[in-house]
Amino acid sequence: IAIGLATHGAFFADALGGDLASKVRGGDDAHGALPGLHLLLLPVLAFPSSLLLVRALPAAWRDRTAPPTRFLLAWIVPSWIVFECVPTKLPHYTLPLYPALFLLTAAWVLDPARRTPPRWLARVSVAAFVGAAVALGGGAAALPFFLERGFAARDLLGLPALLAVAATAFMVLRMVRARRFPRAALSGVAGAILVYWSVLGLELPNLPALWIAPRVGAVLAAHWPDGRPPGAVFGAAGFHEPSLVFLAGTDTRLLPTGWDAARLLAGNGDAVAAVGDRDLGAFQEETARLGLRPAEIGTVAGFNYSRGRPTVLTLFAARP
C-alpha cells in the first residue's frame with residue numbers, strides 16, 4: 001500500500017504489466033527454456049537430499065489422501081506446473097516449494113514402515129544424485145579457470161568444494177546402500193555444511209570476476225574521494241544488477257542504451273556513466289554527435305552471471 005501510494009500506482013503497473021508480463025509472454029532477459037528445466041535442476045538444487053527425495057515420491061503419492069500429505073502436495077504440484085509452463089525460467093523460482101518436498105522426504109525417511117521404492121526409481125535416484133554431484137563438484141573446480149585466464153593460486157579455490165561434494169556423495173550413498181536412511185539424511189546435513197561453506201564462504205567471495213558492482217563502487221570512490229558531491233549523477237548502461245544500486249547509491253540511474261548514457265553526461269556537469277561493451281559503440285556515436293569529450297576514469301571487467309556472459313564496463317566522467 002505504501003509503495004503504491006508513493007509511486008501513484010506506477011510500481012505495480014511496472015511490476016505486473018512490465019516485468020511479470022514479459023516473463024509470461026516469453027523468455028525475459030534471455031532466460032527462456034522449455035518445460036521440464038526445473039525438474040532437471042531438482043537433483044542439483046536439492047543436493048545432497050535429492051537421493052532420498054526421489055525415493056520418497058511414491059510414498060507421498062500413495063498417502064495423498066491424508067490431510068498433511070494432501071496439503072504438501074497442494075503446495076507443490078500446482079505451482080510447479082505453473083513454473084514449468086511459464087517461458088521464463090530461473091533456478092530460484094521453485095525454491096519456495098522445496099520445504100514441502102523436504103517435509104515429504106522426512107516423513108518417508110522417519111517412517112519405520114516405509115516401503116522400498118521400485119527398482120527403476122532407485123536407479124534413477126542414484127543416477128540423478130551422482131550426476132548432480134559431478135555437476136556441482138566439477139563446476140566448482142572448473143569455475144576459476146573459466147572466469148580468469150592463466151594459472152594462479154586462485155584457480156585452486158574450487159578444490160575444497162570438489163572434495164566436499166565427493167565426500168558428501170560418498171557418505172550418503174554408503175548409508176543408503178546400507179538402508180540406514182535416517183543416517184543418510186544426517187550425513188547429507190553434515191555434508192551440506194561443508195559444501196555450502198566451501199562454495200559460498202570460500203570460493204565465490206574470492207573470485208573478483210563475479211563481483212562487478214563492488215569494483216564499480218571502488219572506481220566511483222576514487223573519482224569522488226570525498227564522497228559524491230551534491231547534484232552529481234551516476235548511471236549505468238549494459239549492467240543493471242540490483243547490487244549496483246545498493247553499492248553506488250539508490251539514485252543510480254539504470255539506462256537502457258549507450259545513447260542514454262551519453263545524454264546523461266551531456267545534461268549533468270558532474271556525472272559519471274558506466275557503459276557496457278555492447279553499448280560502447282552507441283555511446284561513442286552519441287558523444288561525438290553532442291560534441292562531448294568524456295574522460296575515461298576506469299574499466300571493470302568481469303562475468304555477468306545474471307546474463308551468463310563476460311562483460312566489460314568502462315566508466316566515463318563528464319569532466320575529469
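What follows is a walk through that pocket, the helix contacts beside it and a few local details.

Modeller: Keep in mind that this is a predicted model. Start with empty space. Rolling a probe the size of a water molecule over the atoms shows where such space is left. Our part is the second largest pocket, with a volume of about 520 Å³. Its lining has 20 residues. Nearest the centre lie Leu39, Leu42, Leu53, Leu57 and Leu101. Several helices give two or more residues to this lining: α3 (37–45), α4 (50–62), α5 (67–85), α6 (98–109) and α7 (119–147). Now sort the lining by class. There are 19 nonpolar residues, no polar ones and one charged residue.

Next, see how some of these helices pack. Two packed helices are described by the angle between their axes and the distance between the axes. Take α4 and α6. Their angle is about 80°, and their axes are 8 Å apart. So α4 is roughly perpendicular to α6. From α4, the contact uses Leu52, Leu53, Arg55, Ala56, Ala59 and Ala60. From α6 come Leu101, Phe102, Leu104, Thr105, Trp108 and Val109. By class, this contact has ten nonpolar residues, one polar and one charged. Two of its members, Leu53 and Leu101, are also among the residues nearest the pocket centre.

Now turn to α3 and α5. They pack at about 115°, with axes 8 Å apart. That makes α3 roughly perpendicular to α5. Leu37, His38, Leu39 and Leu42 of α3 meet Trp80, Phe83 and Glu84 of α5. Five residues of this contact are nonpolar, one is polar and one is charged. Leu39 and Leu42 take part here, and both are listed nearest the centre of the pocket.

A cis peptide bond joins phenylalanine 47 to proline 48, with omega about 5°. Most peptide bonds are trans, and most residues other than glycine have a negative phi. Histidine 8 has a positive phi, near 55°. Histidine 8 lies in the loop between α1 (2–6) and α2 (10–25).

One last stop concerns charge. Side chains of opposite charge can pair when their charged atoms come close. The whole structure has four salt bridges. One of them joins aspartate 251 to arginine 228, with the closest N and O atoms 3.1 Å apart. Aspartate 251 is in the loop between α11 (242–248) and β2 (253–255). Arginine 228 is in the loop between α10 (212–223) and β1 (233–237). The two residues are 23 residues apart, so the pair links distant parts of the chain.

Conventions. Residues are numbered from 1 along each chain as its sequence is written. This is a predicted model: local features need pLDDT of at least 70, side-chain atom pairs count only at pLDDT 80 or more; totals for chains, interfaces and linings use all residues. Side-chain values use heavy atoms; hydrogens and water are left out. On a 1 Å grid over the protein atoms alone, a cavity is a set of points where a 1.4 Å probe fits but cannot get out, and a pocket is an open set with protein on both sides within 12 Å along at least five of seven lines; lining residues have an atom within 4 Å of a point. Grid points are joined across faces, edges and corners, and a volume is the space filled by probe spheres set on the points. Helices (H or I, at least four residues) and strands (E, at least two) are DSSP runs, numbered from the N terminus. Ala, Val, Leu, Ile, Met, Phe, Trp, Tyr, Cys and Pro count as nonpolar, Asp, Glu, Lys and Arg as charged, and the others, Gly among them, as polar. Axes are lines fitted to C-alpha atoms, for helices over the stretch in contact, and angles run from 0 to 180 degrees between N-to-C directions. Angles under 35 degrees count as roughly parallel, over 145 as roughly antiparallel, 65 to 115 as roughly perpendicular and the rest as oblique. Contact means heavy atoms within 4.5 Å. A salt bridge is a side-chain nitrogen of Lys or Arg within 4 Å of a carboxyl oxygen of Asp or Glu.
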